[in-house]
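Dear colleague,

Please find below the structure I am handing over to you, together with its sequence. My findings follow directly after it.

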Amino acid sequence: MLTRRQFTTTLGGALAAGLVAPGPIRAQGAPIKIGSIFSYTGPAAFLGDRMKRSVELFVEEANKKGGLGGRRIELTLYDAGSESTKAVLAAKRLIEQDTVEAIVGDGNRSDIGLALVPSVQRAEVPLMSVSGATALVEPVKDRAWVFKSTVNDVEVVARLLDFFKKRGIKDVAMLNDTGAFGASARDQLRAQAPAAGVNVVYEEFGPGDNDLTTQLTRIRGSNAKAIICWTVTPAGVVFLKNAQQLGLKQMLVHGFGFVADQLPDTDPIKATILDYKTRYRARYSEETDVYGGQAWDGIGMVAQAITRAGGSDRVKIRAGLEEHVREYKGVGGVFTFSPQKHWGLAKSDVVIIEWRQGKFRLVDL
């Protein structure tokens, strides 16, 4: 089981760093306009729902305490419906009609996020992506207005290969979906596996597939000692079900989980994670997840950029993200952006967990 500290969630450094005034203060001046695009209907809704709620919670708490620098946050939300076309139309409306100063959320799927890049680049509006593909922020010269609150799959794959080396695993299988998220990770594994001395058998499936027995049967006939399933679609559950039906004995590597309570007390973000989970549970009477945490970090870093840059126009927000997000203790890890790096996390922000006896257990920090 693969996860990151990011995938364990808490109140990001925005409130903890004192970006919001410490008591009820009346917001003054023009509101700060922030837009969000999430998929809270359609196949990706299981990701977008908690992302949407996390952003709403952050804004609600910030406004109760006076907003940012005494200015209220005005949040405009649109549903991408798990479709790139709807997301692009939503971005156009946010930019041209709602005149937002930044967008947090890109439909919570890499393919949707990539579809938004041309729009925000042309309009020069900062976009905080909450999706995984490296291509969302690389190369930076072509993605000057896009940032990311998730770890790149470059680092996740590198961390996973380190884990295989520790376990003496030299033969694995990659089973990825054909969407941008799965294809990006596949390409990263192809690039990194040879130098790590790992042999890989590759199989793929459509995001909407409901039977993976054909691919898994081929993998069963290979030398693979571990099977990596890379998807955030419901097909990930099909993978586990079919693997069990086929009686596969290989290590199954798949998905993200919550292990905040198992992190050592010395971990720099453990308190942040637990705080966010507590706040979310108190507000919505349910548990949050890794995806909600990504959105929480995204809005928190935009808030920090606005506060420390001393303004909320689009140019200042972009500059603020590059210059003032340094050692930011978020839910996902400790973020640092720069003009050359628009993703904030590193391989060290990834941990390995295992599902055993009905719960996740930390196995490699």
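In this predicted model, the crossing in which H5 passes H6 is right-handed. By class, nine nonpolar residues, three polar residues and one charged residue make up the contact of H5 with H6. On the H5 side, the residues involved are Asp153, Val154, Val157, Ala158 and Leu161. They meet Phe181, Ser184, Ala185, Gln188, Leu189, Gln192, Ala193 and Ala196 in H6.

As for the geometry of this pair, helix H5 spans residues 153-167 and helix H6 spans residues 180-196. Their axes lie 9 Å apart, and the packing angle is about 45 degrees. The two helices are therefore oblique to each other, since this angle falls in neither the roughly parallel class (under 35 degrees) nor the roughly perpendicular one (65 to 115).

I turn next to the sheet. Five strands form an open sheet with parallel pairing, in the order E3-E2-E4-E5-E6. Strands E3 (73-79) and E6 (146-148) are at the edges and have a single partner strand each, so one side of each is without a neighbour in the sheet. From one strand to the next, the twist averages 25 degrees.

Within the sheet, strand E4 (residues 102-104) runs parallel to strand E5 (residues 127-129), and two bridges join them. Valine 104 has methionine 128 in E5 as its bridge partner. Helix H4, residues 110-123, packs on the sheet and touches E4, E5 and E6 as well as strand E2 (32-38). The direction of H4 makes about 130 degrees with that of E6.

With kind regards

Key: Residues numbered from 1 in each chain as written. Predicted model: local features only at pLDDT ≥ 70, side-chain atom pairs only at ≥ 80, totals over all residues. Heavy atoms only, no water. Axes fitted to C-alpha atoms, helices over the stretch in contact; angles between N-to-C directions. Helix = DSSP H or I, 4+ residues; strand = E, 2+ residues; numbered from the N terminus. Parallel < 35°, antiparallel > 145°, perpendicular 65-115°, else oblique. Left-handed = near helix turned anticlockwise from the far one by under 90°. Contact = heavy atoms within 4.5 Å. Nonpolar A, V, L, I, M, F, W, Y, C, P; charged D, E, K, R; others polar. Pairing = 2+ DSSP bridges.
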